[in-house]
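Here is a briefing on one protein chain. Please look over the sequence and the model first.

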Amino acid sequence: MAAVLITGSACGGDGQEADAGVAWEAPTSSAPQVSAPARLAEITSACKLLPAEVAVKVLGGSAETKLSAEEQPVDETEVRRRYSCAYGRDGQEALSFIVQVSPDRADTARESIDAIANGSGAKTTRIKDLGTDAVSYESDGARVLAVAVPYEKELRLLLFTGPTIVPQSKFAELAQQVISQI
(Lines give C-alpha, C1' and ligand atoms only; values in the text may rest on other atoms or scores of the structure.)
Protein backbone atom coordinates (compact mmCIF):
# COMPACT_ATOMS: atom_id res chain seq x y z
CA MET A 1 0.00 0.00 0.00
CA ALA A 2 1.49 3.35 -1.00
CA ALA A 3 1.19 6.52 1.01
CA VAL A 4 0.76 9.85 -0.71
CA LEU A 5 1.94 13.09 0.82
CA ILE A 6 0.08 16.17 -0.29
CA THR A 7 1.64 19.52 0.41
CA GLY A 8 0.32 22.98 0.00
CA SER A 9 -2.44 25.05 1.44
CA ALA A 10 -6.14 24.41 1.07
CA CYS A 11 -6.89 28.08 1.37
CA GLY A 12 -5.50 31.00 -0.56
CA GLY A 13 -4.21 34.08 1.16
CA ASP A 14 -7.60 35.80 0.81
CA GLY A 15 -9.58 33.09 2.61
CA GLN A 16 -10.86 31.64 -0.68
CA GLU A 17 -10.65 27.90 -1.31
CA ALA A 18 -7.99 27.03 -3.82
CA ASP A 19 -9.03 24.81 -6.72
CA ALA A 20 -12.60 24.27 -5.47
CA GLY A 21 -13.54 22.55 -8.74
CA VAL A 22 -11.51 19.39 -8.00
CA ALA A 23 -13.45 16.48 -6.51
CA TRP A 24 -12.14 13.18 -5.17
CA GLU A 25 -13.44 10.05 -6.84
CA ALA A 26 -13.28 6.59 -5.31
CA PRO A 27 -11.26 4.13 -7.35
CA THR A 28 -13.24 1.46 -9.13
CA SER A 29 -12.99 -2.06 -7.80
CA SER A 30 -13.01 -5.22 -9.83
CA ALA A 31 -14.05 -7.28 -6.79
CA PRO A 32 -17.59 -8.66 -7.02
CA GLN A 33 -20.10 -7.09 -4.67
CA VAL A 34 -21.26 -9.49 -2.01
CA SER A 35 -24.49 -9.13 -0.12
CA ALA A 36 -25.88 -11.12 2.74
CA PRO A 37 -28.76 -13.44 1.92
CA ALA A 38 -32.20 -12.05 2.59
CA ARG A 39 -33.74 -13.09 5.90
CA LEU A 40 -36.84 -15.22 5.69
CA ALA A 41 -40.02 -13.28 6.33
CA GLU A 42 -41.79 -16.52 7.22
CA ILE A 43 -40.42 -19.78 8.57
CA THR A 44 -42.13 -22.91 7.29
CA SER A 45 -39.68 -25.72 8.07
CA ALA A 46 -36.78 -26.56 10.39
CA CYS A 47 -35.21 -29.09 8.02
CA LYS A 48 -35.10 -26.55 5.17
CA LEU A 49 -33.21 -24.15 7.44
CA LEU A 50 -30.62 -26.80 8.29
CA PRO A 51 -30.43 -29.59 5.68
CA ALA A 52 -28.82 -32.86 6.76
CA GLU A 53 -25.84 -32.34 4.40
CA VAL A 54 -25.04 -29.02 6.07
CA ALA A 55 -25.30 -30.54 9.55
CA VAL A 56 -22.91 -33.35 8.54
CA LYS A 57 -20.45 -30.88 7.02
CA VAL A 58 -20.44 -28.61 10.10
CA LEU A 59 -20.19 -31.52 12.53
CA GLY A 60 -17.20 -32.88 10.61
CA GLY A 61 -18.55 -36.05 9.06
CA SER A 62 -16.75 -37.83 6.25
CA ALA A 63 -18.02 -38.30 2.70
CA GLU A 64 -19.52 -41.61 3.85
CA THR A 65 -21.37 -40.05 6.78
CA LYS A 66 -25.07 -40.02 6.05
CA LEU A 67 -27.79 -38.49 8.18
CA SER A 68 -31.40 -38.20 7.23
CA ALA A 69 -33.48 -35.19 8.22
CA GLU A 70 -37.09 -35.79 9.14
CA GLU A 71 -39.48 -32.87 9.57
CA GLN A 72 -41.78 -33.38 12.53
CA PRO A 73 -45.39 -32.15 12.53
CA VAL A 74 -45.77 -28.44 13.27
CA ASP A 75 -46.74 -27.77 16.88
CA GLU A 76 -48.91 -24.66 16.88
CA THR A 77 -50.70 -22.83 19.68
CA GLU A 78 -52.28 -19.39 19.88
CA VAL A 79 -48.98 -17.86 21.02
CA ARG A 80 -46.32 -19.72 18.97
CA ARG A 81 -45.46 -22.09 16.10
CA ARG A 82 -42.76 -24.73 16.56
CA TYR A 83 -40.96 -26.47 13.69
CA SER A 84 -38.78 -29.50 14.47
CA CYS A 85 -36.27 -31.55 12.52
CA ALA A 86 -34.80 -34.85 13.71
CA TYR A 87 -31.46 -35.95 12.23
CA GLY A 88 -30.41 -39.56 12.43
CA ARG A 89 -29.52 -42.82 10.80
CA ASP A 90 -30.38 -46.44 11.32
CA GLY A 91 -33.34 -45.48 13.49
CA GLN A 92 -31.18 -43.54 15.95
CA GLU A 93 -31.64 -39.79 16.44
CA ALA A 94 -28.28 -38.00 16.53
CA LEU A 95 -29.42 -34.38 16.65
CA SER A 96 -32.60 -32.40 16.89
CA PHE A 97 -33.27 -28.83 15.85
CA ILE A 98 -36.31 -26.78 16.82
CA VAL A 99 -37.19 -23.29 15.68
CA GLN A 100 -40.00 -21.62 17.57
CA VAL A 101 -41.69 -18.50 16.20
CA SER A 102 -43.56 -16.27 18.67
CA PRO A 103 -45.37 -13.27 17.16
CA ASP A 104 -45.16 -9.92 18.97
CA ARG A 105 -42.43 -11.19 21.31
CA ALA A 106 -39.25 -9.76 19.71
CA ASP A 107 -38.60 -7.63 22.78
CA THR A 108 -38.45 -10.68 25.09
CA ALA A 109 -35.24 -12.28 23.78
CA ARG A 110 -33.27 -11.98 27.02
CA GLU A 111 -36.22 -13.03 29.19
CA SER A 112 -36.85 -16.08 26.99
CA ILE A 113 -33.23 -17.25 27.23
CA ASP A 114 -33.29 -16.60 31.00
CA ALA A 115 -36.41 -18.79 31.30
CA ILE A 116 -34.73 -21.61 29.35
CA ALA A 117 -31.60 -21.35 31.51
CA ASN A 118 -33.57 -21.29 34.75
CA GLY A 119 -35.85 -24.13 33.64
CA SER A 120 -32.92 -26.37 32.68
CA GLY A 121 -31.92 -27.00 36.28
CA ALA A 122 -28.35 -27.33 34.98
CA LYS A 123 -25.21 -25.21 35.09
CA THR A 124 -25.52 -22.92 32.07
CA THR A 125 -23.04 -20.95 29.98
CA ARG A 126 -23.97 -17.73 28.17
CA ILE A 127 -22.69 -17.63 24.61
CA LYS A 128 -21.57 -14.21 23.38
CA ASP A 129 -22.02 -13.00 19.82
CA LEU A 130 -24.64 -15.60 18.93
CA GLY A 131 -28.05 -14.16 18.14
CA THR A 132 -29.34 -11.57 20.58
CA ASP A 133 -28.78 -13.92 23.50
CA ALA A 134 -27.79 -17.58 23.82
CA VAL A 135 -27.22 -20.20 26.49
CA SER A 136 -25.75 -23.70 26.49
CA TYR A 137 -25.97 -26.48 29.05
CA GLU A 138 -25.68 -30.24 29.51
CA SER A 139 -28.47 -32.38 30.90
CA ASP A 140 -29.04 -36.15 30.96
CA GLY A 141 -26.16 -36.85 28.56
CA ALA A 142 -27.31 -34.24 26.03
CA ARG A 143 -25.89 -30.87 25.08
CA VAL A 144 -28.43 -28.10 24.50
CA LEU A 145 -27.94 -24.73 22.83
CA ALA A 146 -30.74 -22.15 22.85
CA VAL A 147 -30.47 -18.95 20.79
CA ALA A 148 -32.86 -15.98 20.58
CA VAL A 149 -33.11 -14.13 17.25
CA PRO A 150 -35.66 -11.30 16.95
CA TYR A 151 -37.04 -10.56 13.49
CA GLU A 152 -39.27 -7.53 13.15
CA LYS A 153 -41.95 -8.21 15.82
CA GLU A 154 -41.29 -11.98 16.01
CA LEU A 155 -39.02 -13.79 18.41
CA ARG A 156 -37.36 -16.77 16.79
CA LEU A 157 -35.90 -19.25 19.27
CA LEU A 158 -33.47 -21.90 18.04
CA LEU A 159 -32.91 -25.02 20.10
CA PHE A 160 -30.25 -27.61 19.22
CA THR A 161 -29.99 -30.87 21.18
CA GLY A 162 -27.44 -33.63 20.67
CA PRO A 163 -24.89 -35.79 22.45
CA THR A 164 -22.36 -34.14 24.77
CA ILE A 165 -19.56 -35.50 22.60
CA VAL A 166 -20.44 -32.76 20.10
CA PRO A 167 -18.47 -29.66 21.18
CA GLN A 168 -20.38 -26.49 22.04
CA SER A 169 -18.46 -24.71 19.26
CA LYS A 170 -20.00 -27.07 16.66
CA PHE A 171 -23.49 -26.32 17.95
CA ALA A 172 -22.65 -22.61 17.65
CA GLU A 173 -21.58 -23.19 14.02
CA LEU A 174 -24.89 -24.93 13.31
CA ALA A 175 -26.70 -21.97 14.86
CA GLN A 176 -24.74 -19.52 12.68
CA GLN A 177 -25.86 -21.46 9.59
CA VAL A 178 -29.49 -20.87 10.59
CA ILE A 179 -29.14 -17.32 11.95
CA SER A 180 -27.83 -16.10 8.59
CA GLN A 181 -31.18 -17.08 7.07
CA ILE A 182 -33.64 -15.97 9.69
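Buried means under 20% relative accessible area, exposed means over 50%, and partly exposed lies in between, using a 1.4 Å probe and protein chains only. By that rule Cys47 is buried, at a relative accessible area of 13%. This is a predicted model, in which local features need pLDDT of at least 70 and side-chain atom pairs count only at pLDDT 80 or more, while totals for chains, interfaces and linings use all residues. Residues are numbered from 1 along each chain as its sequence is written, and side-chain values use heavy atoms, with hydrogens and water left out.

**Overall fold**

- The protein chain has 4 helices and 8 strands. These are DSSP runs, numbered from the N terminus: helices are H or I with at least four residues, strands are E with at least two.
- Along the sequence the pattern reads α-α-β-β-β-β-α-β-β-β-β-α.
- Of the 182 residues of the protein chain, 34% count as buried.
- Contact means heavy atoms within 4.5 Å. Among contacts with a separation of 6 or more, 47% come from residues 24 or more positions apart.

**Disulfide**

- A disulfide is a pair of cysteine sulfur atoms within 2.5 Å. The count by this rule is 1 disulfide.
- Cys47 and Cys85 form a disulfide, with 2.0 Å between their sulfur atoms.
- Cys47 sits in helix 1 (residues 46–49) and Cys85 in strand 3 (residues 81–89), so the pair ties together parts 38 residues apart in sequence.
- The link of Cys47 and Cys85 is right-handed, with 100° about the S-S bond.
- Cys85 is buried, at a relative accessible area of 1%.

**Nonpolar cores**

- A nonpolar core is a set of buried Ala, Val, Leu, Ile, Met, Phe, Trp, Tyr and Cys residues joined through side-chain atoms within 4.5 Å.
- The largest nonpolar core has 30 residues, and Phe97, Val147, Leu158 and Phe160 have the most contacts inside it.
- Two or more residues of this core come from each of helix 1, helix 2, strand 3, strand 4, strand 7 (142–151), strand 8 (154–163) and helix 4 (168–179).
- Helix 4 gives the most to this core, with 5 residues.
- A second, separate core has 8 residues, including Ala109, Ile113, Ala117 and Leu157.
- Leu158 touches, among others, Phe97, Val99, Leu145, Val147, Ala175 and Ile182, with residues up to four places away in sequence not counted.

**Ala134**

- Ala134 lies in strand 6 (residues 133–139).
- Ala134 counts as buried, at 0% relative accessibility.
- Leaving aside neighbours within four places in sequence, Ala134 is in contact with Ile113, Thr125, Arg126, Ile127, Ala146 and Val147.
- Ala134 and Ala172 are 38 residues apart in sequence, and their C-alpha atoms are 9.5 Å apart in space.

**Largest pocket**

- A pocket is an open set of points on a 1 Å grid over the protein atoms alone, where a 1.4 Å probe fits, with protein on both sides within 12 Å along at least five of seven lines; lining residues have an atom within 4 Å of a point.
- The largest pocket has a volume of about 250 Å³. Grid points are joined across faces, edges and corners, and the volume is the space filled by probe spheres set on the points.
- The largest pocket is lined by 14 residues, with Leu59, Thr65, Leu67, Ala94 and Val166 nearest its centre.
- Helix 2 (52–59) and strand 4 (92–102) are the elements that give two or more residues to this lining.
- Strand 4 gives the most to the lining, with 3 residues.
- The lining has 9 nonpolar, 4 polar and 1 charged residues. Here Ala, Val, Leu, Ile, Met, Phe, Trp, Tyr, Cys and Pro count as nonpolar, Asp, Glu, Lys and Arg as charged, and the others, Gly among them, as polar.
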